[in-house]
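Biologist: Could you take a close look at the salt bridges in this structure and explain, step by step, which parts of the chain they bring together?

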Amino acid sequence: MGDLVESREWYLAAYCPEGVPTSDHLKLRTVTLSLAVDSIPHNHLAVETLLLSVDPYLRGRITGILEGLFISQYQLNQVITAFAVVRVIRSNDSKYSEGDILLNPNASVAEYSIVPSSQITRKIDTSNGISLSDYLGALGVPGFAAWVGIEVLGDPKPGSNVFISAASGAVGMNAGQLAKIRGCRVIGSTGSDDKVKLIKEEFGYDDGFNYNTESDFDAALSKYFPDGIDVYLDNVGGKMLEAVLNHVNKHARIPLCGMISQYNKVWTEREGVRNLLNMVGKEVRMEGFMLESYWHRFGDFAKDMERYIQEGKVTSKNKINIGIEGFLESLNSLFSSSNIGKVVVQVKA
């Protein structure tokens, strides 16, 4: 590889406060990048991106409004970032060598980049039998979110009744399996009958229902939770959250992981919850969380999940889209009812 490369990258051209982001908001451009040894600063790496993680929280970084997730916004005309698996091309840090495969939680959504080595979370052992895409799924953002939601905040006991919305999504498929490892009864909601079949047959859920055909969420939850709900991992918000509050047991826990049904709306158009008073009488603990607040636990999470994957207790369904040019389409696919599992963009083989 020469000292100069042409690198395609996605950058923010305009903020998108509501609706679905388009090519008016995120654009692809080509830049020339120097990989010459003398252009790589001390303790920096020249890397090529192998896989990019596509996650719903990215939508919250292009609104231009600091509310809801209260997450830092991408800057206009600057390349956006995401979790990624990268390969070292050239190194100016003795801890890393050419060919090392690394996990970068703040990688440029680009084919090539120069990054500070302090940005790297871990070096990946490619001989351990775990696929690289799993480092962005079960061992990446969605797996970590599921682990924090179930293991740290939900903390269900054996026999607990656990409900997980968006159960066939990247977070939900991991969360259900973690709850089953703890010996819980686990029910999930999904957007199709095929997805209900999937979570039962591949991810070990005890049962599930299709929220598109169950028009009365209260009736559905009465059916699937005759003994009430002990832990609810909320990924959707809105009407489902309201219905859950009518079925919680005393001292129930509700970790708020995300509210994907509300992301593309301004706050005045989002669905409110009318029965919060139930939380008082049932002494419910509902708690939102952001992964950065639990980053000090990432090592514990990775150790647990690697073991579960190698023991066959956690399996994944990763959809790999080929080509960096498809990143925007992949991002928007997360908000489609047809989406299943973890979405990854393969940039380089």
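Modeller: In this predicted model, the count of salt bridges comes to 23. One of them joins the side chains of Glu-111 and Arg-8, with 3.1 Å from N to O. Because Glu-111 sits in the loop between strand S5 (101–108) and strand S6 (112–116), while Arg-8 belongs to strand S1 (residues 4–12), this pair ties together parts that are 103 residues apart in sequence. Glu-111 is buried, with a relative accessible area of 8%, whereas Arg-8, at 29%, is partly exposed.

Another salt bridge is formed by the side chains of Glu-48 and Arg-87, at 2.8 Å from N to O. Here Glu-48 lies in strand S3 (residues 44–54) and Arg-87 in strand S4 (residues 81–91), so the pair links parts that are 39 residues apart in sequence. Glu-48 is buried, with a relative accessible area of 11%, and Arg-87 is partly exposed, with 24%.

The side chains of Glu-151 and Arg-182 also meet in a salt bridge, at 3.2 Å from N to O. Since Glu-151 is part of helix H1 (residues 141–154) and Arg-182 is in the loop between helix H2 (170–181) and strand S9 (185–190), the two tie together parts that are 31 residues apart in sequence. Glu-151 counts as buried at 17% relative accessibility, the cut-off being under 20%, while Arg-182 is partly exposed, with a relative accessible area of 21%. Finally, salt bridges that share partners bring Arg-8, Glu-111, Glu-325 and Lys-348 into one network.

Notes. Residues are numbered from 1 along each chain as its sequence is written. This is a predicted model: local features need pLDDT of at least 70, side-chain atom pairs count only at pLDDT 80 or more; totals for chains, interfaces and linings use all residues. Side-chain values use heavy atoms; hydrogens and water are left out. A salt bridge is a side-chain nitrogen of Lys or Arg within 4 Å of a carboxyl oxygen of Asp or Glu. Helices (H or I, at least four residues) and strands (E, at least two) are DSSP runs, numbered from the N terminus. Buried means under 20% relative accessible area, exposed over 50%, partly exposed in between (1.4 Å probe, protein chains only).
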